[in-house]
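User: Please take a close look at the side-chain contacts in this model, starting with the aromatic rings and going on to the charged groups.

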Amino acid sequence: MPRLKLFLLMALAACAPAPKTTVSAFRPADAPLYSAAAFQPARIEGEWRQAAALSAAPTPGCAPGAVRFQGGTVSGSLCLNGRQVAVSGPYNISGPGRLQVPGMGDWWVIWVDSGYRTLAIATPRGDFGFVLDRGSISPDRLVAAGEIFEFNGHSKARLRPF
């Protein structure tokens, strides 16, 4: 009889719904993510400074990075959740507002302002996100980037400016 009870308890436990999992601390796995369909890759050529990043800690945890897009390649480094990460190599356009970056997976441009001064980039996995700017980001564009991250399921409170 004890075996039967154990079997029934195990069978009942197997019927329970799976707990919700998260991809990372930044975005639930089931949250929708939208890329900027009108994104024009040729307009990102040049130098970009990192203005903000998603961070689990109260501060970004490292110095802001910078990247350069030139002729289908990207190079530089970024502060991603407290770690300085090198970025280098050719990127591919994998869809509207979507770049495949060597060693970093998919970067989705979730927002770009009309003057191509500010980019908000996230990943479908939710493991990192950041904001790039051509110079010194204005407060209104930083607020807009935070709202776009929130719209795409990220915690706006975890977007840390540099």
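How many aromatic pairs does the count come to?

Analyst: This is a predicted model, in which local features need pLDDT of at least 70 and side-chain atom pairs count only at pLDDT 80 or more, while totals for chains, interfaces and linings use all residues. Residues are numbered from 1 along each chain as its sequence is written, and side-chain values use heavy atoms, with hydrogens and water left out.

The count comes to five aromatic pairs. Rings of Phe, Tyr and Trp (for Trp, the six-membered ring) pair if their centres lie within 6.5 Å; planes under 30 degrees apart count as stacked, over 60 as edge-to-face, and the rest as tilted. The pair of Trp107 and Phe130 is edge-to-face, because the ring centres are 5.0 Å apart and the planes stand at 80°. Trp107 belongs to strand S7 (residues 105–112) and Phe130 to strand S9 (residues 129–133), so this pair ties together parts that are 23 residues apart in sequence. Strands here are DSSP runs of E with at least two residues, numbered from the N terminus. Both Trp107 and Phe130 are buried, where buried means under 20% relative accessible area, exposed means over 50%, and partly exposed lies in between (1.4 Å probe, protein chains only). Through ring pairs, Trp107 and Phe130 form a cluster with Phe128.

A charged group also meets a ring. Arg98 lies over the face of Trp108, 3.7 Å from the ring centre. A charge sits over a ring if NZ of Lys or CZ of Arg is within 6 Å of the ring centre and within 35 degrees of the ring normal.

Next come the charged pairs. Side chains of opposite charge can pair when their charged atoms come close. A search of the whole structure gives five salt bridges, each being a side-chain nitrogen of Lys or Arg within 4 Å of a carboxyl oxygen of Asp or Glu. One of them joins Arg117 to Asp113, at 2.7 Å from N to O. Arg117 is partly exposed at 39% relative accessibility, whereas Asp113 is buried, with a relative accessible area of 5%.

Another salt bridge links Asp127 with Arg125, and its closest N and O atoms are 2.7 Å apart. Asp127 is partly exposed, with a relative accessible area of 28%, and Arg125 is partly exposed at 37%. Lys156 and Glu150 also meet in a salt bridge, at 3.8 Å from N to O. Here Lys156 is partly exposed, with a relative accessible area of 35%, and Glu150 counts as partly exposed at 45%.

Note on methods: Helices (H or I, at least four residues) and strands (E, at least two) are DSSP runs, numbered from the N terminus.
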